[in-house]
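This report looks at a protein chain and at some of its helices. Please have the sequence and the 3D structure at hand while reading.

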Amino acid sequence: MTAETVKYEHPPGSSRSSPIAVPPLIETPTADKSVQLAKLIRTSFAAVETKSEELSQYFYGALFAVSPDARALFPINMATQRNRLLRALVYVVQMVDRPDELATFLGQLGRDHRKFDVLGRHYDAVGVALIAALKRFLKDDWTPEVEDAWVTAYGVISKSMREAAGKEVGPAWWKATVIEHRVVSPDVAIVKVRTDQPLPYRAGGYVSVEVPQRPRMWRYFSPATAPHDDGTMEFHVHAVRGGWVSRAIVHHTRFGDVWRLGPSLGALSVNHTESRPLLMIGGGTGVAPLLALLDDMSRWKNNPPVHLFFGGRRPEDLYALDQLRGLAVTSPWLTVTPVTEEGAIPGGDRGTLATAVTQRGAWKERDVYVAGSPSMIRATIAKLLAAGTDLGRIKYDPFTLD
């Protein structure tokens, strides 16, 4: 395997320089090799996962040493950003044994990263920093086989993202003006924007958002509406504790603010030609992409049965319940069940969403859509699998919120 070799000064705390190979642009590995690579990557990362904070700090130190101009691509305050890119990289390389899913995701990600003005040398620098950080913290566990796995996986990532970005001819980002801002609970706001030109997206997807109060701090949010001809999009945002962007949106957004929106991403969608019944599970503002799917389906002539569980800790957290119940009145194919962990709602279930759903069975005849916080998604999928639900029927987007 050939690769360009570069040198960089290690971050503070290290006194030497070492040659690090830039992951080359390679061909996608075969299915058998992909399985082997994925196993090596998962096992090796598990060995350093408890040191992810230190690994992340070293990673960024290496990145900015190798490519000082890459610093301008990130927000001034790195506190929230610290683990974000590294987590995303690890998530992607762990998908190396799912080539179809990986190719779709990387294509979307490559087009989305055009908004950062990312150059080829930045991809190389990220690869250098990733390999250097893993090598430093894995120590004796950094074997030639582990190195080959990570270098190969990152090579696939880099190649796929660069190619997708190079083929894209549309805007790198869209301008959107805030035309409505409503605080519907102490920590949830509904924001409606209108784009200056059509932003193509599918109901159930998500887009990256930059707001004027937090420049260069892009976050992913799902539109709660299907595409409209007038260019309006609605976002439901929960002010996460410590969340710089989400709290700014909920508490400081003003009419006329201009947002920047990245290209659409995500894999949640309902196939019009399939008629299998659906089970939808939404926690808090995670219900937004499901609302978008329902908005889209409400325009169809014929719909499969849909049972939606909408959950929150307390009754006041179910901010969209009236909207959902109103839709159910006019849509006989839709059943809505509210779920609360504390307090009761007439006609609702008690407990976590995972418990409320699985106590009714495995839903084996339905396609399942799960949306919410990462912890809620993990818990719900684990319960569904334990109850006998086929993993192939479960759909979700595991992107990280604020």
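Among contacts in the protein chain between residues at least 6 apart in sequence, what percentage join residues at least 24 apart? The value is 71%. The model is a predicted one. Its protein chain has 402 residues, and 51% of them count as buried. The secondary structure consists of eleven helices and 14 strands.

| Helix | Residues | Number of residues | Distance between end C-alpha atoms | Expected span |
|---|---|---|---|---|
| α2 | residues 52–66 | 15 residues | 21 Å | 21 Å |

The buried residues of α4 are L102, F105, L106, G107, Q108, L109, G110 and D112. Those of α2 are L55, S56, Y58, F59, Y60, A62, L63 and F64.

Helix α2 also packs against helix α5, which covers residues 120–138. The angle between these two helices is about 140°, and their axes lie 8 Å apart. The two helices are therefore oblique to each other. The crossing of α2 past α5 is right-handed. On the α2 side, the contact is made by E54, L55, Y58, F59, A62, L63 and V66. On the α5 side, the residues include A125, V126, V128, A129 and R136. Of the residues in this contact, 15 are nonpolar and two are charged, with no polar ones.

How values were computed
Residues are numbered from 1 along each chain as its sequence is written. This is a predicted model: local features need pLDDT of at least 70, side-chain atom pairs count only at pLDDT 80 or more; totals for chains, interfaces and linings use all residues. Side-chain values use heavy atoms; hydrogens and water are left out. Axes are lines fitted to C-alpha atoms, for helices over the stretch in contact, and angles run from 0 to 180 degrees between N-to-C directions. Helices (H or I, at least four residues) and strands (E, at least two) are DSSP runs, numbered from the N terminus. Angles under 35 degrees count as roughly parallel, over 145 as roughly antiparallel, 65 to 115 as roughly perpendicular and the rest as oblique. A crossing is left-handed if the near helix is turned anticlockwise from the far one by less than a right angle, and right-handed if clockwise. Contact means heavy atoms within 4.5 Å. Ala, Val, Leu, Ile, Met, Phe, Trp, Tyr, Cys and Pro count as nonpolar, Asp, Glu, Lys and Arg as charged, and the others, Gly among them, as polar. The expected span of a helix is 1.5 Å times one less than its number of residues. Buried means under 20% relative accessible area, exposed over 50%, partly exposed in between (1.4 Å probe, protein chains only).
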